Amino acid sequence: MEDQLILVDIFDRQTGTGKKLAVHQKGRLHRAFSVFVYRGNEMLLQKRSSEKYHSGGLWTNACCSHPRQGEELAGAVERRRREELGIELPVKELYSFVYRAQFENGLTEYEYDHVFLGEYEGDVLLNEEEASEIRWVDMDRLAEDLWEHPEQYTAWFLIAAPQVLRALRR
C-alpha cells in the first residue's frame, strides 16, 4: 500500500494528505525529515540506492523520509532510523527549511524538511533497499567535498549539511 504523505503550507500546518507518488508528480508541499548522525568529527553518509524514485546513486545524510498520515514526526524519525540503519539513538531537532527540487524523471520534491541530529558510536545495519553504501566521513573533508563536488550529493543534503556542520563546530 502506498504511503499517504502529509501536505502542509509554508508554516508546516497540515492542509491534507496525498499518495506519495502523486504528491511528487504534482510537486505538492509535504512534511519530511532528515536525520544526521555523527561520532566525534565524522558524519555518517548513505549512498542512495539506484532503485530509489529519485536521486539514486547520490550521497546524503544518514536517514530521510516522510511521516505518514496519522504518524507523529518523532515516531516517524524513530521508525525510519530502525528501518534504514538498524540503530537506536536520541536525536534533537535542529531546525527546518523548505526546498523545491525538480528531477529528470519528472518528479519534484517540495518539502518542509525537519532536520534532526544525533550522536552514535555503534554498528550500522545497511538496508540495501534504501542505500547501496554507508560511510563515516571526516567533517572537514565533507565540507571541502560539498564545495568541490556538489553533483555527488542530494539537493536537500546540499542545503542542510552546511548548517549541521556549523552547529557541530560550536
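These questions and answers walk through a predicted model. Local features need pLDDT of at least 70, side-chain atom pairs count only at pLDDT 80 or more, and totals for chains, interfaces and linings use all residues. Residues are numbered from 1 along each chain as its sequence is written, and side-chain values use heavy atoms, with hydrogens and water left out.

User: How many residues does helix α4 have, and what span does it reach from its first C-alpha to its last?

Analyst: Helices are DSSP runs of H or I with at least four residues, strands are runs of E with at least two, and both are numbered from the N terminus. The expected span of a helix is 1.5 Å times one less than its number of residues. For α4, residues 155–169, that gives an expected 21 Å. The helix has 15 residues and comes close to that figure, at 23 Å.

User: Where in α4 is there a kink?

Analyst: The bend at a residue is the angle between axes fitted to the seven residues ending there and the seven starting there. In α4 the kink is about 30°. It comes shortly before the proline Pro-162, at Ala-161.

User: Which residues of α4 are buried?

Analyst: Buried means under 20% relative accessible area, exposed over 50%, and partly exposed in between, with a 1.4 Å probe and protein chains only. An α-helix has 3.6 residues a turn, so residues three or four places apart point the same way. In α4 the buried residues are Trp-156, Phe-157, Ala-160, Ala-161, Val-164 and Leu-165.

User: What kind of aromatic pair do Tyr-153 and Phe-157 form?

Analyst: Rings of Phe, Tyr and Trp (its six-membered ring) pair if their centres lie within 6.5 Å; planes under 30 degrees apart count as stacked, over 60 as edge-to-face and the rest as tilted. Phe-97 and Tyr-99, at 5.7 Å centre to centre and 35° between the planes, are tilted. The rings of Tyr-153 and Phe-157 have centres 5.5 Å apart and planes at 20°, so this pair is stacked.

User: Which residues form one aromatic cluster?

Analyst: The structure has 5 aromatic pairs. Phe-97 is buried at 11% relative accessible area, and Tyr-99 is buried at 4%. The cluster is Tyr-95, Phe-97, Tyr-99 and Trp-156.

User: Is Glu-121 buried or exposed?

Analyst: Glu-121 sits in the loop between β8 and β9 (131–138). Contact means heavy atoms within 4.5 Å. Leaving aside neighbours within four places in sequence, Glu-121 touches Arg-39 and Gly-40. Its relative accessible area is 57%, so Glu-121 is exposed.

User: Which strands do the buried residues of α2 pack against?

Analyst: Helix α2 covers residues 73–85 and reaches 18 Å, close to the 18 Å expected. Its buried residues include Leu-73, Ala-76, Val-77 and Leu-85. After the helix comes Gly-86, with a positive phi near 65°. The buried residues of α2 pack against β3, β4, β6 (63–65), β7 and β8.
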